[in-house]
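Please look at the sequence and the three-dimensional structure shown here. The account below leads through them in order.

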Amino acid sequence: MLKRFTKATAALGLCLAATAAFAAEYPSKPIRMYIGFSAGSATDIVGRVIAEALAKRLGQPVIVENKVGAGGSIAAQDTARAQPDGYTLLTVSSAIAVNPAVYKGAGDVLRGLGPIAMIGYQPTVLLAGNKLPVKSLREFVDYAKAHPGEVDFGSSGVGGSTHLAMEEFGNVAGMKLTHIPYKGNGQASAALLGGEIAAMIDTVLLASPLVQAGRAKGLAVTGAQRSPLMPDVPTFAEAGVPEYDRSLFFGVMVPAGMRPELAQRLNREVNAVLKDPRVSERLIKTGGLSLYNGTPADFQAILDKEVTLWKRVAESASIKPN
């Protein structure tokens, strides 16, 4: 009995020693960070800021690789297939929670990922084209209700985050709008400026230059407070639709099955990066983010809630996974 106890104690000691040794040597080589959207996108901008700051903290390069396609699903798939050893990270946006409602198999991919940390929320803004005869959110809602189905809006594509965000706004405000899908928010934005569509939802980061230049009208922003990038644009609550608040989120994920101590280490590192004044200033002033500090469990709870919400919105828009 004593011999078995001694062997068990020795085995436990070896295990703890191996864990400590792994933690001490990590990272010993460059780390990859996948981003599922193109360079210059909101996710890319946020991910690169985090990657640069993490590299300084961890003492190893964090190499960003854009794996574009299927609303970020390609990057998510490649991450889920990687070893959960801390050398493959994934910067995600709200699309990771939207995709299970749009793409078959996206739910399985999401289950193949593990949460590390939320980065924060980025407000979105309802943009109206200059040809639309409205100057406020209330006027937009009244106009859309008086012209059911005649007010069209653009998005990055069927089932994309901006498409479903606008569908949810229509549900909340009781409007019937017509969706015009484009290949990316950039094309939708060009269509808005050209008068092809009446409205769209975009991030404040990408939309603020258009509003400041008078090329489009910002009617309302999501979030509890006005965005510093658009201080003259009211929140949805201020503008009379407090029920709607669908900001985008960003976070860091890894392949599922990572050792708890390594996941906790990465969580601490990301949270430390977000508390760095130089990083937070870039993300708040340049990206318009409201930063978040929490645990992997906190991030998982947010993901679960978002997945449920977007499945409901997709069903209301008659969108089925394909």
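The paragraphs that follow treat the sheet, the nonpolar cores and the salt bridges in turn.

This is a predicted model, in which local features need pLDDT of at least 70, side-chain atom pairs count only at pLDDT 80 or more, and totals for chains, interfaces and linings use all residues. Residues are numbered from 1 along each chain as its sequence is written, and side-chain values use heavy atoms, with hydrogens and water left out.

The sheet comes first. Six strands form an open sheet in the order S2-S1-S3-S10-S4-S11, and its pairing is mixed. Here helices (H or I, at least four residues) and strands (E, at least two) are DSSP runs numbered from the N terminus, and two strands pair if DSSP finds at least two bridges between them. The edges are S2 and strand S11 (290-291), each of which pairs on one side only. Strand S4 (residues 113-122) runs antiparallel to S10, and eight bridges join the two. Within this pairing, Gln122 has Leu248 of S10 as its bridge partner. Helix H3 (residues 73-81) packs on the sheet and touches S1, strand S3 (88-93), S4 and S10; contact means heavy atoms within 4.5 Å. The direction of H3 makes about 150° with that of S3, where axes are lines fitted to C-alpha atoms, for helices over the stretch in contact, and angles run from 0 to 180 degrees between N-to-C directions.

Strand S1 (residues 31-35) pairs with strand S2 (residues 62-66) in the parallel sense over five bridges. Ile35 has Asn66 in S2 as its bridge partner. Between these strands the chain passes through H2, and the resulting β-α-β crossover is right-handed: with the strands pointing away from the viewer, the path from the first strand over the helix to the second runs clockwise.

The nonpolar interior comes next. A nonpolar core is a set of buried Ala, Val, Leu, Ile, Met, Phe, Trp, Tyr and Cys residues joined through side-chain atoms within 4.5 Å. Buried means under 20% relative accessible area, exposed over 50%, and partly exposed in between (1.4 Å probe, protein chains only). The largest core has 51 residues, and those with the most contacts inside it are Ile96, Leu126, Phe140, Met166 and Phe169. H12 supplies the largest share of this core, eight residues. Beyond its neighbours within four places in sequence, Phe169 is in contact with residues including Leu126, Phe140, Phe236 and Tyr244. A second, separate core has 34 residues, among them Met33, Ile50, Met258 and Leu274.

Charged side chains complete the picture. Side chains of opposite charge can pair when their charged atoms come close. The structure holds 14 salt bridges, each a side-chain nitrogen of Lys or Arg within 4 Å of a carboxyl oxygen of Asp or Glu. In one of them, the closest N and O atoms of Asp44 and Arg48 are 2.8 Å apart. The two residues are separated by about one helical turn because they lie four residues apart in helix H2 (residues 42-58). Asp44 is buried at 3% relative accessibility, whereas Arg48 is partly exposed at 35%.

Arg111 and Asp108 form a salt bridge at 2.3 Å, N to O. Both lie in helix H5 (residues 106-111), three residues apart. Arg111 is exposed at 61%, and Asp108 is exposed at 52%.

Glu306 and Arg246 also meet in a salt bridge, at 2.7 Å, N to O. Glu306 lies in helix H12 (residues 296-316) and Arg246 in the loop between strand S9 (217-221) and strand S10 (248-255), so this pair ties together parts that are 60 residues apart in sequence. Both Glu306 and Arg246 are buried. Elsewhere, salt bridges with shared partners join Glu65, Lys67, Asp78 and Arg81 into one network.
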